[in-house]
Structure formats: C-alpha cells, structure tokens
Amino acid sequence: FCELPYHYIEISSLLLDAASEDIPNADRVRTLLEDIQDVRMQKIRTGMQKLANFAKNEERIKSVNLTGLASAEVFQIRPFLTGALNHWYRMSVLPSEMARGPGGGRAAAGGR
C-alpha cells in the first residue's frame, strides 16, 4: 500500500463536509478519494482471498501484515479478520493438541 496518513479518510470526509466551498474542485477531490478507497479495498479483498486460499490448502498462517492500512480500513476488516484468524489458529493448533493426547501432554494433577 502507498503510505497515506492513518486517518486520511476521516480527515478528508470532515474537510469535504465542513468546507467543500473552500476546496477547489471539491467534487473532483471527493471522487478521487472515493477511487483511492475503492482501489485500496480491492487490494484488501485480494489479500483476504489469499488468506482464505492458504487456509483452504491447510497452510499455516503465522501473521498478517497490516502495514499501510488506514484506520477506517482496519475498522472495516477487523471483524472478519479477527474471526478468520482465530478460526485458522484453532484449526492449526487443534491437530497438534490432539497428537499430544488428553491433557495436552502435561503432567497429571499432583505434579507427578
């Protein structure tokens, strides 16, 4: 992602809503900002699809890089991303937990 201010969406919306008459070509600026948001959301969707493909192929997902996302973008994908990552984590941990047997390989109560 191109580096943009973390709150660029919120700031631009506030400025365009409160002072559009003071911004030259405000409608054009608004359209360009919407185009930028659309392109960035498409990149996010593509990244999410890649994550889904990793999970489908049972590949382990260790981390997800969110560098360069704006705050509103993070807010939009947070519910899906946290739910998906938790699900994928459980799927990757569960088989190793089952292989260790009951109790996860820990000593029985009593410290033996």
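Modeller: Begin with what an axis is. An axis is a line fitted to C-alpha atoms, for helices over the stretch in contact, and angles run from 0 to 180 degrees between N-to-C directions. Keep in mind that this is a predicted model.

Biologist: How are two packed helices described in general?

Modeller: Two numbers do it: the angle between their axes and the distance between the axes. Now the case here. Helix 1 covers residues 8-19, and its axis comes within 11 Å of the axis of helix 2. The two axes cross at roughly 160°.

Biologist: Are helix 1 and helix 2 roughly parallel or roughly antiparallel to each other?

Modeller: Angles over 145 degrees count as roughly antiparallel. Helix 1 and helix 2 are therefore roughly antiparallel to each other. The crossing of helix 1 past helix 2 is left-handed.

Biologist: Which residues make the contact?

Modeller: Helix 1 brings Tyr8, Ile9, Ser12, Leu16 and Asp17. Helix 2 brings Ala26, Val29, Arg30, Leu33, Ile36, Gln37 and Arg40. By type, the residues of this contact divide into 7 nonpolar, 2 polar and 3 charged.

Biologist: Let us step back. How many helices and strands are there in the protein chain?

Modeller: The protein chain has 3 helices and 0 strands. Read from the N terminus, the order is α-α-α.

Biologist: What share of the protein chain counts as buried?

Modeller: The cut-off for buried is under 20% relative accessible area. Of the 112 residues, 22% count as buried. The accessible surface of the protein chain is about 8,700 Å². Carbon and sulfur atoms hold 57% of that surface.

Biologist: Now single residues. Is Ser71 buried or exposed?

Modeller: Ser71 counts as buried, because its relative accessibility is 13%. This residue lies in helix 3, which spans residues 71-100. Leaving out residues up to four places away in sequence, Ser71 touches Tyr6, His7 and Glu10.

Biologist: And Asp27, buried or exposed?

Modeller: Asp27 sits in helix 2, residues 26-56. Its relative accessibility is 61%, so Asp27 counts as exposed. The C-alpha atoms of Asp27 and Leu16 are separated by 8.8 Å, and the two residues are 11 residues apart along the chain.

Biologist: How do I read a phi value?

Modeller: Start with the general idea. Most residues other than glycine have a negative phi. Now the case here: phi of Asn25 is near 55°, a positive value in a residue other than glycine.

Biologist: Where is Asn25 found?

Modeller: Asn25 is in the loop between helix 1 and helix 2. Asn25 counts as exposed because its relative accessibility is 62%.

Biologist: What does partly exposed look like?

Modeller: Phe80, in helix 3, is partly exposed with a relative accessible area of 45%. Glu59 is another case, in the loop between helix 2 and helix 3. Glu59 counts as partly exposed at 39% relative accessibility. Its C-alpha atom and that of Ser92 are separated by 8.6 Å, and the pair is 33 residues apart along the chain.

Biologist: Last one. Where does Phe1 lie, and which residues is Phe1 in contact with?

Modeller: Phe1 lies in the segment before helix 1. Phe1 is partly exposed, with a relative accessible area of 39%. Leaving aside neighbours within four places in sequence, Phe1 is in contact with Arg40, Lys43, Ile44, Thr67, Gly68 and Leu69. Phe1 and Ala70 are 69 residues apart along the chain, and their C-alpha atoms are separated by 9.9 Å.

Technical notes:
Residues are numbered from 1 along each chain as its sequence is written. This is a predicted model: local features need pLDDT of at least 70, side-chain atom pairs count only at pLDDT 80 or more; totals for chains, interfaces and linings use all residues. Side-chain values use heavy atoms; hydrogens and water are left out. Helices (H or I, at least four residues) and strands (E, at least two) are DSSP runs, numbered from the N terminus. Buried means under 20% relative accessible area, exposed over 50%, partly exposed in between (1.4 Å probe, protein chains only). Angles under 35 degrees count as roughly parallel, over 145 as roughly antiparallel, 65 to 115 as roughly perpendicular and the rest as oblique. A crossing is left-handed if the near helix is turned anticlockwise from the far one by less than a right angle, and right-handed if clockwise. Contact means heavy atoms within 4.5 Å. Ala, Val, Leu, Ile, Met, Phe, Trp, Tyr, Cys and Pro count as nonpolar, Asp, Glu, Lys and Arg as charged, and the others, Gly among them, as polar. Accessible areas come from the Shrake-Rupley method with a 1.4 Å probe; for residues, only the protein chains shown count as cover.
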